[in-house]
Amino acid sequence: MGPEYEDLEVWYPKLRLEEAGYEVVLAGIGDASYRGKHGYPGPIDAHVRDVPARDLVGLLAPGGWAPDKIRRDPDALQRVREVHEAGKVVATICHGPWILISAGIVRGRRLTSTVGIRDDLVNAGATWVDEPVVVDGNIISSRVPKDLPRFGVELVGLLDRQSTSSS
């Protein structure tokens, strides 16, 4: 999480994942808490550098204005790369793919996002599609908050399939 995260794009997946039995750690880039774009407080459980990739089943890069700050944090980018290289789930929505672009993991991949960063994804080598949810290997992406119900179902399904295949 970072400053001015999109409230729904953090809290809906967090609650959906907890409902499915996953432990969710809210990792930040320095502050003890952040306010969402709509004012919802987001207390941080840990700094992203203190949450090793080996302890994660995946990560979520939410949207809002936070991705523009998170993409500048070397610890956050390193964690995204490590999770991705381990074949674990990398989930993102709206402006969140900015973080994946800066981590260098979108080239040759198929993603969606808010239309506002379509060109950024294409220029980084991704194939952008206008669909509510796109799953390409271990990367799952979604466009905007109205797509969250489908995103939540697909995200939990992808994590469940990942845990089944690794056990």
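K14 lies in helix α1 (residues 7–19), where helices are DSSP runs of H or I with at least four residues and strands are E runs of at least two, numbered from the N terminus. The model is predicted, so local features need pLDDT of at least 70 and side-chain atom pairs count only at pLDDT 80 or more, while totals for chains, interfaces and linings use all residues. Residues are numbered from 1 along each chain as its sequence is written, and side-chain values use heavy atoms, with hydrogens and water left out.

**Surroundings of K14**
- K14 counts as buried because its relative accessibility is 13% (buried: under 20% relative accessible area, 1.4 Å probe, protein chains only).
- Beyond its neighbours within four places in sequence, K14 is in contact with V24 and L26 (contact: heavy atoms within 4.5 Å).

**Helix α6**
- Among the buried residues of α6 are L148, F151 and Q162.
- The buried residues of α6 pack against α1, β5 (58–61), β6 (89–93), β9 (133–136) and β10 (139–142).

**Strand β10 and its partners**
- I139 and S141 point one way from β10, I140 and S142 point the other way, and all are buried.
- β6 and β10 run parallel and are joined by four bridges (strands pair if DSSP finds at least two bridges between them).
- Four bridges also join β9 to β10, in antiparallel orientation.
- S142 is the bridge partner of I93 and of V133.
- The β9–β10 hairpin has two residues between the strands, and G137 takes a positive phi near 65 degrees there.

Technical notes: Buried means under 20% relative accessible area, exposed over 50%, partly exposed in between (1.4 Å probe, protein chains only).
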